[in-house]
Amino acid sequence: MLRVKAGDLDRMGLLFERHHRSLYGFLFHMTYQREASEDMVQNVFYKMLKYRHTFTGQGEFVAWMFQIARNTLKDQAKKNKNKVQQLPAEEMEDRLPGGMSADEHLEKKQDKASLYKAMASLSEDHREILTLNRLQELKYGEIGQILGISEVAAKTRAFRAMQELKNIYSKMER
Amino acid sequence: MMCEKYEDKLIGLLNNELTPAEQAELEKHLTECQGCSEELAGLRDVWEMMAEMETPEPSAHMRVKFQAMLDTYKESVEDTKPGVWTSIRERLGKIWQLQTRWPLAYSLVIVLVGFGLGYWLFSSGKGGEQEQQLKALSSQVHELKQTMMLALLENPSASERIRGVSYTSEIKHADKEVIDALLATLNNDPNVNVRLSTLDALSHLANHPEVREGLIRSIEKQDSPIMQLAIADVMLKLQEKRSVKSFEDMLKQKDLNPGVRDKIKQTITQLI
């Protein structure tokens with residue numbers, strides 16, 4: 001990113017290849033809207049180009065990228081205040097891996113659907129931290145940077161989020 | 001219920017972020033604490049399940065869109081480079097306009113007032129004053145020339161004295177002092193050439209009555225034939241009849257040059 005900042009804008013293509021999936025994943029799990037997430041990925045990369053001079057290189061690039069993504073999400077949320085979020089469970093059901101017996105498949109499918117529903121019903125803070133932590137596999141130090149909290153606070157929040165998810169999920173399974 | 005102080009350790013364990021020492025300590029605690037081990041088991045189930053959570057693939061369209069955006073951006077950056085300069089120039093221009101419009105008007109007014117004032121001053125009082133100054137200056141130069149001429153007439157070198165005499169042609173209003181000096185030179189200068197040029201200079205000042213009288217009186221004092229001839233020519237030119245008597249006296253001189261005698265006789269007849 002420092003090379004991009006120095007004017008080598010083609011390097012942004014490399015960064016796009018490396019990071020656009022995780023960025024898209026994060027945005028998707030925060031919105032459950034494919035097209036909107038794609039647009040936001042585009043938006044985030046545009047902002048990174050436009051505000052490349054604000055990247056100091058002191059923190060991680062990934063942290064900076066997710067900070068911009070969060071701001072983009074907030075802007076988007078303001079625009080879409082009235083739109084109802086669409087749950088992904090049904091959509092995701094068709095995408096489950098094959099190669100299992102029908103029963104096994106069905107059972108797994110149901111488990112997964114429940115987990116998605118549980119995840120979707122989490123508070124935004126908790127969904128956010130678990131997405132970053134578990135799905136994007138970021139370290140707590142990085143998550144702290146992104147959210148503007150300490151590493152310890154990030155751990156605590158992640159633990160509480162896991163607890164909440166577990167409780168919601170276990171209620172669904174019963 | 002689990003122990004609150006082990007929350008961070010449990011989440012650390014799930015993330016594989018614990019040091020071996022921390023892990024050993026936690027495992028020891030888990031064997032002793034049922035609440036914590038149950039909590040961990042439940043969390044681990046969900047944690048493992050989450051690993052299988054999928055995110056839909058972004059469409060291939062996105063990469064194309066990104067590349068297009070990047071290209072457009074690069075172009076716009078290249079476009080804005082000169083654009084930045086023009087905008088700065090425009091802004092400077094605006095500031096310039098803002099800052100100079102009134103001062104410019106003021107300075108214009110001041111310049112116009114200056115011109116007006118100058119015109120008024122020179123056309124009235126100051127103009128006359130300057131003319132007076134010019135007159136004074138030219139009269140000073142005039143005086144200087146006179147003084148120089150008079151000084152030159154005293155010079156031992158004949159050529160310098162001739163130069164002094166020649167200055168009289170530049171003196172428009174010869175005063176009595178100059179005329180006296182010239183007449184004295186005409187009568188007394190030992191060099192005939194000096195006397196000749198003095199005669200020439202005096203003939204140009206013949207409108208002064210004292211010059212004419214001086215010239216007539218000078219006739220009898222000239223003993224050089226060249227001077228006698230020259231002065232006869234001058235008298236003829238001036239049509240000075242009062243000189244006839246002086247010429248008649250000259251004819252009485254016994255040692256008069258015969259050529260001069262003829263010339264004088266001729267002059268007398270022409271004058272009469």
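Biologist: Is the phi of A:Gly148, which follows helix 8 of chain A, positive or negative?

Modeller: The phi of A:Gly148 is positive, near 75 degrees. The model is predicted: local features need pLDDT of at least 70, side-chain atom pairs count only at pLDDT 80 or more, totals for chains, interfaces and linings use all residues, and side-chain values use heavy atoms, with hydrogens and water left out. Residues are numbered from 1 along each chain as its sequence is written, while chains are lettered from A and ligands numbered from 1 in the order in which they are written. Helices are DSSP runs of H or I with at least four residues, numbered from the N terminus.

Biologist: How many residues of helix 8 of chain A are buried?

Modeller: Buried is a matter of relative accessible area: under 20% is buried, over 50% exposed, and partly exposed lies in between (1.4 Å probe, protein chains only). Six of the eight residues of helix 8 (residues 140-147) are buried, so the helix is largely enclosed by the rest of the structure. They are A:Tyr140, A:Glu142, A:Ile143, A:Gly144, A:Ile146 and A:Leu147.

Biologist: Which elements do those buried residues pack against?

Modeller: Helix 4, helix 7 and helix 9 (151-173) of chain A take part, together with helix 1 of chain B.

Biologist: How many residues of each chain are in contact, and what area is buried between chain B and chain A?

Modeller: The size of an interface is often given as the accessible area lost when the parts come together. Here the buried area (1.4 Å probe, summed over both parts) is about 4,300 Å², with carbon and sulfur atoms giving 63%. In contact (heavy atoms within 4.5 Å) are 34 residues of chain B and 48 residues of chain A.

Biologist: How many salt bridges does the structure hold over all chains, and how many lie between chain B and chain A?

Modeller: Side chains of opposite charge can pair when their charged atoms come close. The criterion is a side-chain nitrogen of Lys or Arg within 4 Å of a carboxyl oxygen of Asp or Glu. Between chain B and chain A the count is six; over all chains it is 16. In one of them, A:Arg70 pairs with A:Glu128, the closest N and O atoms being 2.5 Å apart. This pair links distant parts of the chain, helix 4 (residues 61-79) and helix 7 (residues 124-135) of chain A, 58 residues apart. Both A:Arg70 and A:Glu128 are buried.

Biologist: Where does the pair of A:Lys112 and B:Glu54 lie?

Modeller: The pair crosses between chains, from A:Lys112 in helix 6 (residues 102-120) of chain A to B:Glu54 in the loop between helix 3 and helix 4 of chain B. Their side chains meet in a salt bridge (3.7 Å, N to O). A:Lys112 is buried at 9% relative accessible area, whereas B:Glu54 is partly exposed at 23%.

Conventions: Buried area is the accessible area (1.4 Å probe) that two parts lose on being put together, summed over both. Helices (H or I, at least four residues) and strands (E, at least two) are DSSP runs, numbered from the N terminus.
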